[in-house]
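Please work through the exercises below with the sequence and the model at hand. Each task is followed by a worked solution.

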Amino acid sequence: MAVRPNVVVVGAGIVGASIAWHLIRSGARVTVVEANNPGGIATRNSWAWINASWGNPEAYFRLRVCAMNEWRRLERDLPNLRVAWTGSLNWELPTAKLEVFAAQHAAWGYDVRRVDRAEAQRIEPNLADPPDLAVHAPCEGAIEPLMVARQLLSAARELGATIIDNRTVQSLDVCAGSVAGVETDSGRLDADQVVVAAGAGTAALAATAGLALPVSVLPALLIVTKPHGRLLNGLVMTPVMQLRQTADGRFVAAAIFSDADFGDDGATAAARLFSAIESLFSPMPSLAFDFHVVGRRPIPLDGFPLVGRAAGIDGLHVAVTHSGVTLAPAIGRFVAEEIVTGRRDPLLAPFGLERLPK
Ligand SMILES: Cc1cc2nc3c(=O)[nH]c(=O)nc-3n(C[C@H](O)[C@H](O)[C@H](O)COP(=O)(O)OP(=O)(O)OC[C@H]3O[C@@H](n4cnc5c(N)ncnc54)[C@H](O)[C@@H]3O)c2cc1C
């Protein structure tokens, strides 16, 4: 490996942006190549909840907790970067599952507790019908994902990274078992290391080097309202939606994915979701709809991050995951460390490409 590795990062979403910033801080030469405008595709449409919440095995829970701490480190490193650590109130699961979630995560040392209806009402006083049982996680938060991805990219640029936008990487250039660069729609770029952090485009690009990645791309509905006076203190997850209110008062809601109807590009589901937001509060507010979008979530088929070196192709790294907003600072630091020092963080051990079928 060169003393100062020359790294091309493909993709300028939250994952690629974080990798680029951590790499340049670690002394690498970095070029980010982005097919569209910087800031990502899944990233700009993300609900952007930072959490180590329910439904995951302990190893993944630990990685997520680490990532939450890494967000706090990033806030110190980049003083303009803000996470809204508002906490969350979650009653999206049936009672029995909520109980298991609260008990298991508390036993793992996560800051969660079960709350009854009166306590839920105290936490979110404007709810019309607070749940009889919810789980409160004061340690969780959210970011404005497009803004944060762009902050990371400009911080990387200030440290010397080159960010190339509106240029598509068409293939990976592999020579005698080592990556040698990338072919783009307007020329070739040399590199001794390439990180493919291309979200939904990752599998297609990896395939150009003969690497088969099982990644699906699933739709998810996001709607955003115009600003309104403050009604929510934190994030809420109900059986119908996930909802937060931004610093400037907008409501951002994501549909519970399996329930959403995307037949007409999400418009009907978006209208339903919008009314559900208004009905959540008492007195019922009159909100102004702004826009909806059907986002595309890249998800490795087993649901867990695929982050690491590609066996058999020296210098090729992949970073594709769901929950990329939560995980970005940890993935960024770990991938940079692995490229620059060769050390792989043990927390990433279960999430490498070794688990793929040969
Ligand atoms: C509605 C919704 C809600 C979500 N909620 C959450 C949540 O609450 N918490 C959470 O942690 N995660 C959430 N996610 C998931 C999270 O947003 C994603 O995991 C994360 O944004 C992925 O980031 P990324 O950088 O990998 O991908 P992207 O943001 O998609 O960025 C990839 C970039 O690569 C570029 N690219 C692709 N192919 C090429 C190519 N060949 N050449 C050059 N550039 C290329 C694309 O243009 C894109 O800009 C949600 C996602 C959606 C859609």
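The model is predicted, so local features require pLDDT of at least 70 and side-chain atom pairs count only at pLDDT 80 or more, while totals for chains, interfaces and linings use all residues. Residue numbers run from 1 along each chain as its sequence is written.

**Exercise 1.** Determine which face of helix α3 (residues 95-107) is buried.

Solution. Step 1: helices (H or I, at least four residues) and strands (E, at least two) are DSSP runs, numbered from the N terminus. Step 2: the expected span is 1.5 Å times one less than the number of residues; for the 13 residues of α3 this gives 18 Å, and the end C-alpha atoms are 18 Å apart, which agrees. Step 3: a residue is buried if 20 or more other C-beta atoms, placed from the backbone, lie within 10 Å of its own, exposed if 12 or fewer, and partly exposed in between. Phe 101, Ala 102 and His 105 are buried in α3. Step 4: the directions from the helix axis to the C-beta atoms define an arc; the buried residues of α3 fall within 95°, so they line one face. Ala 96, Ala 103 and Ala 107 are exposed on the other side. Step 5: the cover over the buried residues includes β5 (113-116) and β6 (133-137).

**Exercise 2.** Classify Gly 87 as buried, partly exposed or exposed, and find its contacts.

Solution. Step 1: Gly 87 is in the loop between α2 (58-77) and β4 (88-90). Step 2: it has 17 C-beta neighbours inside 10 Å and therefore counts as partly exposed. Step 3: contact requires C-beta atoms, placed from the backbone, within 7 Å. Beyond four places in sequence, the contacts of Gly 87 include His 136, Ala 137 and Gly 234.

**Exercise 3.** Describe the largest nonpolar core.

Solution. Step 1: such a core joins buried Ala, Val, Leu, Ile, Met, Phe, Trp, Tyr and Cys residues through C-beta atoms within 7 Å. Step 2: among its 107 residues, Val 10, Ile 19 and Ala 20 touch the most other members. Step 3: helix α8 (residues 324-341) supplies the largest share, nine residues.

Terms used:
Two residues are in contact if their C-beta atoms, placed from the backbone, lie within 7 Å.
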